[in-house]
Amino acid sequence: MDHYRAPVPATLEGGTVIDAEEAHALWEADEAAFIDVLPRAPKPDNLPEGTIWRDKPRPSIPGAIWLPNVGYGALADITADYFRAGLDHATGGDPDRPVVFFCLADCWMSWNAAKRAIEWNHSQVYWFPDGTDGWAFQDFPLKEIKPFPAP
């Protein structure tokens, strides 16, 4: 709940842990929905007038849906609703469609999000713990993505 950038477990009960090559094979075969759960800092409310705010770009796996902030250990109802809406969009409402969760290496966000999807009865949940760090290390393509819009 506190140290989200820390070593993660090697397993995920009810899910399948995959490495970069396995993630890439799923991506190339277009067999799974890819969901990026990297958190996104909100624009501060107290910025001085005239300050220009630029969101940090997110290079991610092409075709992935970015659902920022859904990987915390506990979610507010509005964030859980956003997560469910994004997951439903990514899977076409099919809880049996394979779905891959990722973030960065040593990031609990993707583990938490994958665990939550399993709890919500998604049957083919893949967890890619190396995330975009492992993807980029293999020199697989990255593309800047924008967050999935809130309902």
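Which residue of β6 does T16 stand opposite? T16 stands opposite Y126. Keep in mind that this is a predicted model.

- Five strands make up an open sheet, and going across you'd meet them in the order β1-β6-β5-β2-β4. The pairing is parallel.
- At the edges you'll find β1 (16–17) and β4 (65–66). Each has a single partner strand, so one side of each is left without a neighbour in the sheet.
- As background, strands of a sheet pair through backbone hydrogen bonds, and they can do that either parallel or antiparallel.

**Walking across, pair by pair**
- Start with β1 and β6, which are held in parallel by two bridges. That's where T16 and Y126 stand opposite each other.
- Next come β5 and strand β6 (residues 125–128), a parallel pair with four bridges. Here V100 is set opposite Y126.
- To get from β5 to β6, the chain goes through helix α3 (residues 108–119), and this β-α-β crossover is right-handed.
- On to strand β2 (residues 33–36), which runs parallel to β5 and is joined to it by four bridges. V100 turns up again here, this time with F34 opposite.
- I35 has I65 of β4 opposite.

**Which way the side chains point**
- In a regular strand, side chains alternate between the two faces of the sheet.
- Strand β5 (residues 99–102) sends V99 and F101 one way and V100 and F102 the other, and all of them are buried.
- β2 is covered on both faces too: A33 and I35 sit on one side, F34 and D36 on the other, and all are buried.

**Cysteines**
- C103 has 0% relative accessibility, so this residue counts as buried.
- C107 comes in at a relative accessible area of 2%. The cut-off for buried is under 20%, so C107 is buried as well.
- As for disulfides, the structure holds zero.

**The largest pocket**
- How much space lies in the largest pocket? About 230 Å³.
- Its lining is made of 12 residues, and those nearest the centre are L38, P39, R40, K56 and P57.
- Sorted by class, the lining has eight nonpolar residues and four charged ones, with no polar residues.

**A closer look at P39**
- P39, one of the residues nearest the pocket centre, is found in the loop between β2 and β3 (58–60).
- Is P39 buried, exposed or partly exposed? Its relative accessible area is 26%. Since buried means under 20% and exposed means over 50%, P39 is partly exposed.
- P39 and P147 are 108 residues apart along the chain, and their C-alpha atoms are separated by 10.0 Å.

Note on methods:
Residues are numbered from 1 along each chain as its sequence is written. This is a predicted model: local features need pLDDT of at least 70, side-chain atom pairs count only at pLDDT 80 or more; totals for chains, interfaces and linings use all residues. Side-chain values use heavy atoms; hydrogens and water are left out. On a 1 Å grid over the protein atoms alone, a cavity is a set of points where a 1.4 Å probe fits but cannot get out, and a pocket is an open set with protein on both sides within 12 Å along at least five of seven lines; lining residues have an atom within 4 Å of a point. Grid points are joined across faces, edges and corners, and a volume is the space filled by probe spheres set on the points. Ala, Val, Leu, Ile, Met, Phe, Trp, Tyr, Cys and Pro count as nonpolar, Asp, Glu, Lys and Arg as charged, and the others, Gly among them, as polar. A disulfide is a pair of cysteine sulfur atoms within 2.5 Å. Buried means under 20% relative accessible area, exposed over 50%, partly exposed in between (1.4 Å probe, protein chains only). Two strands pair if DSSP finds at least two bridges between them. A crossover is right-handed if, with the strands pointing away from the viewer, the path from the first strand over the helix to the second runs clockwise.
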